[in-house]
Amino acid sequence: GATGNGGEGIKKCLELAPGLVIIDLHLPEMNGFEILRLLKTKFPEIKILIFTGNTSQQTIEHAVRGNADGLINKISGLENLEKAIHVLSEDRRYFPPAIVDEVVRLRKKLSN
């Protein structure tokens, strides 16, 4: 399913119980981080890929704190999006090489 805003997205997820959700961060009604937290609370096993044009330090930190399974920049292209989806479907995480070290650092910091 696909939706145009966060509220509809949550309703669709509750209805369909998908195994993988791709979330844009900038949505009407509810932002992607709110959706991430809500879905991970309701469905801990769901795989969530953040799809964003903003890979700032703050975005990475919110994704890690929200327990996102992956993050990909919109400018990465369809081939990389497909790769990220494939990796998540294999029950692994996907973060671009440029931010992997930061993700690992943040995870260690949060686990202490």
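The following is a set of questions and answers on a predicted model of one chain.

User: What should I know about the model before reading values from it?
Analyst: In this predicted model, local features need pLDDT of at least 70 and side-chain atom pairs count only at pLDDT 80 or more, while totals for chains, interfaces and linings use all residues. Residues are numbered from 1 along each chain as its sequence is written, and side-chain values use heavy atoms, with hydrogens and water left out.

User: How many helices and strands does the chain have, and what makes a run count as one?
Analyst: The chain has 5 helices and 3 strands. A helix is a DSSP run of H or I with at least four residues, a strand is a DSSP run of E with at least two, and both are numbered from the N terminus. In order from the N terminus, the elements are α-β-α-β-α-β-α-α.

User: Why is the chain called as compact as a globular protein of its length?
Analyst: Its radius of gyration is 13 Å, close to the 13 Å that the globule rule gives for 112 residues, so the chain is as compact as a globular protein of that length. The radius is taken over C-alpha atoms, and the rule is 2.2 Å times the number of residues to the power 0.38. Along its principal axes the C-alpha trace spans about 35 × 35 × 25 Å.

User: Why is V64 called buried?
Analyst: Buried means under 20% relative accessible area, exposed means over 50%, and partly exposed is in between (1.4 Å probe, protein chains only). V64 has a relative accessible area of 6%, so it is buried. This residue lies in helix α3. In the chain as a whole, buried residues make up 38% of the 112 residues.

User: Which residues does V64 contact, leaving aside its neighbours within four places in sequence?
Analyst: They are V103, L106, R107 and L110, where contact means heavy atoms within 4.5 Å.

User: Why is K83 called partly exposed?
Analyst: K83 has 46% relative accessibility, so it counts as partly exposed. It is placed in helix α4, residues 78-89. From K83 to K12 the C-alpha distance is 24 Å, and the two are 71 residues apart in sequence.

User: How do you know that β1 and strand β2 pair?
Analyst: Two strands pair if DSSP finds at least two bridges between them. Here 5 bridges join β1 to β2 (residues 47-52), and the strands run parallel. In β2, the bridge partner of V21 is I48, and that of L20 is K47.

User: Why is β2 called largely enclosed?
Analyst: Of the 6 residues of β2, 5 are buried, so the strand is largely enclosed by the rest of the structure.

User: What makes the phi of N67 worth noting?
Analyst: Most residues other than glycine have a negative phi. N67 is not a glycine, yet its phi is positive, at about 65°. This residue lies in the loop between α3 (57-65) and β3 (70-73). With a relative accessible area of 33%, N67 is partly exposed. A17, also not a glycine, has a positive phi near 45°, and its place is the loop between α1 (6-16) and β1.
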